[in-house]
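Me: Hey, can you walk me through this one? I've got the structure open and I'd like to know what I'm looking at.

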Amino acid sequence: MAQPIDPIHQFRLHDLAGPWNIAGYEISFTNSALFMGIIVAVVTLFLLVAAARGALVPGRLQSVGELWYEFVHNMVRNVLGQEGKAFFPLVFTIFSFVLVANMLGMFPYFFTVTSHVVVTATLAVFVILLVIVVGITKHGLGWFKLFVPSGVPMVILPFISVIEVISFLSRPVSLGLRLFGNMLAGHIVLKVFAGFVVLLASMGIGGIIGAIAPLGMAVALTALEFLVAFLQAFVFAILTCVYLNDALHTHH
């Protein structure tokens with residue numbers, strides 16, 4: 001009897017070591033923690049190898065590394081300007097982590113850490129807290145004028161300010177949920193179509209013929225998911241730049 005399709009199984013956390021009771025908290029080393037370590041190792045090793053030779057005529061790895069660097073550098077320069085170059089290492093790290101996390105999650109039996117909202121929300125909250133710190137550091141308490149638009153009648157100013165605050169606080173929610181939702185939904189749909197192929201193929205010649213359509217759809221969705229994996233890393237990085245630009249240059 002064929003096993004039922006369980007598209008949620010791929011997102012479950014499993015303890016690989018532990019749990020350990022530390023200061024009253026249970027701490028475990030999970031598959032999510034393992035893959036986050038793998039992501040950091042992959043990015044670090046690739047960039048070290050790519051930059052090892054530093055040849056005038058770059059090879060393939062060096063070319064990819066330079067394109068990777070230039071892509072993020074141009075993003076930071078275009079959005080943040082010269083003043084924002086100090087944030088290039090941060091944006092590069094976020095982009096690289098999310099991109100490699102998304103790409104590794106496309107391989108069978110690998111774990112997609114960005115499909116867990118706790119990971120994406122942590123990244124988003126970190127970005128927004130950094131925006132607040134940068135804004136206050138650069139502009140002092142005057143940064144809070146961001147929530148008090150100029151030229152607004154005093155009668156409706158409190159309501160507008162509340163809307164501005166809610167809009168600002170919604171940034172980490174949308175930033176984290178966008179990445180989480182896209183990766184979760186895409187992997188579920190891909191798993192369902194792949195499950196259809198396996199189930200139909202187990203039904204004999206008729207099922208194999210019937211599996212052609214979902215197989216084609218699964219291939220197309222796989223290509224789409226690779227594109228989405230890149231786009232979501234790009235969106236997360238560019239929105240980080242946009243929010244930092246708001247902190248550096250208060251418009252209200």
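**Chatting through the helices**

Reply: Let's start with R77, which is partly exposed because its relative accessible area is 38%. Keep in mind that this is a predicted model.

Me: OK, which helix is R77 found in?

Reply: R77 is part of helix α2.

Me: Switching to rings. How many aromatic pairs are there?

Reply: The count comes to twelve aromatic pairs. One of them joins W68 and F92, and that pair is tilted, at 6.3 Å centre to centre with 40 degrees between the planes.

Me: Which helices do W68 and F92 lie in?

Reply: W68 lies in helix α2 (residues 60–80) and F92 in helix α3 (residues 88–104), so the pair ties together parts that are 24 residues apart in sequence.

Me: Are W68 and F92 buried or exposed?

Reply: Both W68 and F92 are buried.

Me: What about F71 and F230?

Reply: Those two form a tilted aromatic pair as well, 5.8 Å centre to centre and with 50 degrees between the planes. F71 lies in helix α2 and F230 in helix α7 (residues 212–248), so this pair ties together parts that are 159 residues apart in sequence.

Me: Which residues do ring pairs link into a cluster?

Reply: F46, W68, Y69, F88 and F92 are linked that way.

Me: Let's talk about α3. How many residues does it have?

Reply: Helix α3 has 17 residues. From its first C-alpha to its last it reaches 24 Å, close to the 24 Å expected at 1.5 Å a residue.

Me: How many of α3's residues are buried?

Reply: In α3, 14 of the 17 residues are buried, which leaves the helix mostly covered.

Me: How do α3 and α7 sit against each other?

Reply: Their axes come within 9 Å and cross at roughly 160 degrees. That angle is why α3 is roughly antiparallel to α7. The crossing of these two helices is right-handed.

Me: Which residues meet there?

Reply: On the α3 side they include L90, V91, I94 and F95, and on the α7 side they include F226, A229, F230 and Q232.

Me: And at what angle do α2 and α3 pack?

Reply: The angle is about 125 degrees, with the axes of α2 and α3 10 Å apart. The two helices are therefore oblique to each other. Their crossing is right-handed.

Me: Who makes that contact?

Reply: From α2 the residues are W68, Y69, F71, V72, H73, M75 and V76. From α3 they are F88, V91, F92, F95, S96, L99 and V100.

Me: You just listed S96. Is it buried or exposed?

Reply: S96 counts as buried because its relative accessibility is 2%, and the buried class is under 20%.

Me: What does S96 touch, not counting residues up to four places away in sequence?

Reply: S96 touches V43 and W68. S96 and W68 are 28 residues apart in sequence, and 8.7 Å apart in space from C-alpha to C-alpha.

Me: There's another serine, S32. Where does it lie?

Reply: S32 lies in helix α1. With a relative accessible area of 6%, S32 is buried. Leaving aside neighbours within four places in sequence, S32 is in contact with L13, F111, V113 and V119.

Me: Last topic, α4. What span should it have?

Reply: Helix α4 (residues 117–139) has 23 residues, so at 1.5 Å a residue it should span 33 Å. Its end C-alpha atoms are 32 Å apart, which agrees.

Me: Which residues of α4 are buried?

Reply: They are V119, T120, L123, A124, V127, I128, V131, V134 and G135. These buried residues pack against α1 (31–52), α3, α5 (157–201) and α7.

Me: And what comes just after α4?

Reply: That's G140, which takes a positive phi of about 70 degrees.

Note on methods
Residues are numbered from 1 along each chain as its sequence is written. This is a predicted model: local features need pLDDT of at least 70, side-chain atom pairs count only at pLDDT 80 or more; totals for chains, interfaces and linings use all residues. Side-chain values use heavy atoms; hydrogens and water are left out. Rings of Phe, Tyr and Trp (its six-membered ring) pair if their centres lie within 6.5 Å; planes under 30 degrees apart count as stacked, over 60 as edge-to-face and the rest as tilted. Helices (H or I, at least four residues) and strands (E, at least two) are DSSP runs, numbered from the N terminus. Buried means under 20% relative accessible area, exposed over 50%, partly exposed in between (1.4 Å probe, protein chains only). The expected span of a helix is 1.5 Å times one less than its number of residues. Axes are lines fitted to C-alpha atoms, for helices over the stretch in contact, and angles run from 0 to 180 degrees between N-to-C directions. Angles under 35 degrees count as roughly parallel, over 145 as roughly antiparallel, 65 to 115 as roughly perpendicular and the rest as oblique. A crossing is left-handed if the near helix is turned anticlockwise from the far one by less than a right angle, and right-handed if clockwise. Contact means heavy atoms within 4.5 Å.
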